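The report below covers strand pairing, salt bridges and ring contacts in one protein model. Please read it alongside the sequence and coordinates.

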Amino acid sequence: MSSAAKRVLVVDNSAVVRHSISAMLLRIGCQMSEAEDGDEALRLIASQPPDLVILDLYMPNKDGFETLAEIRANPAHQELTVFILTRTALCTAWCGVGVN
């Protein structure tokens with residue numbers, strides 16, 4: 001990790017999950033931002049792009065699938081690293097496309 005603190009955006013409708021992840025990453029020197037849905041996340045990404053987005057898939061308003069599609073549709077953010085973190089089993093959705 002370079003000397004500059006990495007900016008991380010945690011997007012989850014659960015405040016407990018957001019705060020837990022933020023607390024862990026703050027300990028290693030990351031600068032944290034939080035959003036409770038995709039709409040808020042997209043506003044934060046537009047105003048101050050993070051180095052990493054940790055994204056829940058199932059949220060009210062704009063879910064993680066829609067949010068990720070909008071991130072990738074913006075040429076300025078196509079290379080943004082997005083880590084999917086969700087409590088829902090994805091096997092039923094992704095096993096059909098070759099994800100083990």
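## Side-chain contacts and sheet layout

E70 is partly exposed at 39% relative accessibility, where buried means under 20% relative accessible area, exposed over 50% and partly exposed in between, with a 1.4 Å probe and protein chains only. The model is predicted, so local features need pLDDT of at least 70 and side-chain atom pairs count only at pLDDT 80 or more, while totals for chains, interfaces and linings use all residues. Residues are numbered from 1 along each chain as its sequence is written, and side-chain values use heavy atoms, with hydrogens and water left out.

**Salt bridges**

A salt bridge is taken as a side-chain nitrogen of Lys or Arg within 4 Å of a carboxyl oxygen of Asp or Glu. By this rule there are four salt bridges. The table lists some of them, including the one formed by E70.

| Pair | Closest N to O distance |
|---|---|
| D39 and K62 | 3.5 Å |
| R7 and D51 | 3.9 Å |

Which residues are linked in a network of salt bridges? They are D39, K62 and E70. K62 is buried, with a relative accessible area of 15%, and D39 is partly exposed at 29%. Helices (H or I, at least four residues) and strands (E, at least two) are DSSP runs numbered from the N terminus.

D39 and K62 form a salt bridge. D39 belongs to helix 2 and K62 to the loop between strand 3 and helix 3 (64-73), so this pair ties together parts that are 23 residues apart in sequence.

The salt bridge between R7 and D51 stands at 3.9 Å. R7 lies in strand 1 (residues 7-11), whereas D51 lies in the loop between helix 2 (38-47) and strand 3 (52-55), so the parts tied together are 44 residues apart in sequence. R7 is partly exposed, with a relative accessible area of 28%, and D51 is partly exposed as well, with 32%.

**Aromatic pair**

Rings of Phe, Tyr and Trp (its six-membered ring) pair if their centres lie within 6.5 Å; planes under 30 degrees apart count as stacked, over 60 as edge-to-face and the rest as tilted. The count by this rule is one aromatic pair. Y58 and F65 make up this edge-to-face pair, at 5.5 Å centre to centre and with 70 degrees between the planes. Y58 is partly exposed at 38% relative accessibility, and F65 is partly exposed at 36%.

**Sheet**

Two strands pair if DSSP finds at least two bridges between them. The model has an open sheet of four strands in the order 2-1-3-4, with parallel pairing. Its edge strands, strand 2 (31-35) and strand 4, each pair on one side only. The twist averages 20 degrees from one strand to the next; axes are lines fitted to C-alpha atoms, for helices over the stretch in contact, and angles run from 0 to 180 degrees between N-to-C directions.

Strand 1 and strand 2 pair in the parallel sense over five bridges, and L9 stands opposite S33 in strand 2. Strand 3 and strand 4 (residues 81-84) are also parallel, over four bridges, with L55 opposite I84 in strand 4.

Helix 1 (residues 15-27) lies across strand 1, strand 2 and strand 3 and runs at about 170 degrees to strand 2; contact means heavy atoms within 4.5 Å.
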